[in-house]
Amino acid sequence: MGEELRLPIAADVDVVEARQQGRALAAVAGFSSGEQTVIAAAISEIARNILMYAKKGEIILSLVQNGDRQGVSVVAIDQGPGIPDIERAMQYGYSTSHGVGAGLPGAKRLMDEFEVDSVVGRGTTITMAKWRRAI
Amino acid sequence: MEVPILRQGQYLIASIQSALTDADLSHLREALIAQVGRSRCRGVIVDVTALDVMDSFAVRTLRDITHMARLRGAETVIVGIQPDVAFAMVQLGWTLKGVATVLDLEEGLAFLDGRTKERVVESKPKKPSSRG
Ligand SMILES: Nc1ncnc2c1ncn2[C@@H]1O[C@H](COP(=O)(O)OP(=O)(O)OP(=O)(O)O)[C@@H](O)[C@H]1O
Ligand SMILES: [Mg+2]
């Protein structure tokens, strides 16, 4: 809590930086290295989407706490074109860029919480979080 | 970050040394396909041990390399997928469909030796068989 890491996304090196910072933060939160990779992969997908569809934006990483559970929160913000049909965009295989259409549904599957907020012409905000499994 | 591509006998070996950007991955694909054509090699090994994540772009690039190399007469095998990376891939429901993966470089070489031998056998003129 408190501390947050704001990472600009404007080039493909920023995508690598964001997922590596995400992994480092997940390690601080005590996630296993398998889960760190899962979080890094989800960040990679949404950061790449920012670059591809909005050209630039920001990823905000922070540690979160809920009772005695610790987690990592990832917020991706852009002022790009927005997503006209979020339900469709969340479907596996839907892509407006001849992609696989696996990014958003994949990231959702990897994280515990996943929310898309988007207004056409205004931009997109994706909020996701992963919680550490109670032992 | 350029990925070094070494030639060993009839095979090309690309060893990824660090995390790669999408541009680096695309560059690796182009370089490998160009070299497969130029060197007429029979096999390609991509060592992904140092790759930090296997996200949709990396998966797609490895699939593309496999398919494009096959069109040019070379088999591809991916070696060194880390357990953590495999764990994330399984959760994503991603399989490297149509892409051969083995544990390490040694197994990769053995795999290609097997595959290229098969090909030689296959390409010998066959006697007409009685099978319909
Ligand atoms: N930040 C964004 N701004 C605008 N549109 C977006 C954004 N992120 C995703 N989209 C839209 O949602 C669709 C689905 O995204 P998703 O990441 O699932 O697939 P993709 O990017 O098309 O392909 P892949 O990620 O598999 O390479 C995109 O094709 C695009 O139309
Ligand atoms: Mg995408």
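Buried area is the accessible area, taken with a 1.4 Å probe, that two parts lose on being put together, summed over both. In this predicted model, chain A and chain B bury about 1800 Å² between them, with 54% of that area on carbon and sulfur atoms. The contact involves 24 residues of chain A and 20 residues of chain B.

Polar interactions also cross this interface, where ten residue pairs are in polar contact, both partners being at pLDDT 80 or more. On the side of chain A that touches chain B, helix H1 (12-28), helix H2 (33-54) and helix H4 (103-110) of chain A each supply at least two residues, and H2(A) gives the most, with ten residues. By class, the residues on this side of chain A comprise ten nonpolar, seven polar and seven charged. Four salt bridges are found across the interface, and Arg19(A) forms a salt bridge with Asp52(B), with the closest N and O atoms 2.8 Å apart.

The whole structure holds two cavities of 30 Å³ or more, summarised below.

| Cavity | Volume | Lining by class |
|---|---|---|
| Largest | about 60 Å³ | five nonpolar, one polar, two charged residues |

The largest cavity is lined by Tyr92(A), Val100(A) and Ala102(A) together with Ser56(B), Val59(B), Arg60(B), Arg63(B) and Trp94(B). The lining of the second largest cavity includes Arg19(A) and Asp52(B), the two residues joined by the salt bridge described above, and among its other lining residues are Arg48(A), Asp22(B), Asp55(B) and Leu51(B).

Methods: Residues numbered from 1 in each chain as written. Chains lettered and ligands numbered in written order. Predicted model: local features only at pLDDT ≥ 70, side-chain atom pairs only at ≥ 80, totals over all residues. Heavy atoms only, no water. Contact = heavy atoms within 4.5 Å. Salt bridge = Lys/Arg side-chain N within 4 Å of Asp/Glu carboxyl O. Polar contact = N/O pair within 3.5 Å; in protein donor to acceptor, adjacent residues only side chain to side chain. Helix = DSSP H or I, 4+ residues; strand = E, 2+ residues; numbered from the N terminus. Nonpolar A, V, L, I, M, F, W, Y, C, P; charged D, E, K, R; others polar. 1 Å grid on protein atoms, 1.4 Å probe; cavity = no way out; pocket = protein on both sides within 12 Å on 5 of 7 lines; lining within 4 Å. Points joined across faces, edges and corners; volume = space filled by probe spheres on them.
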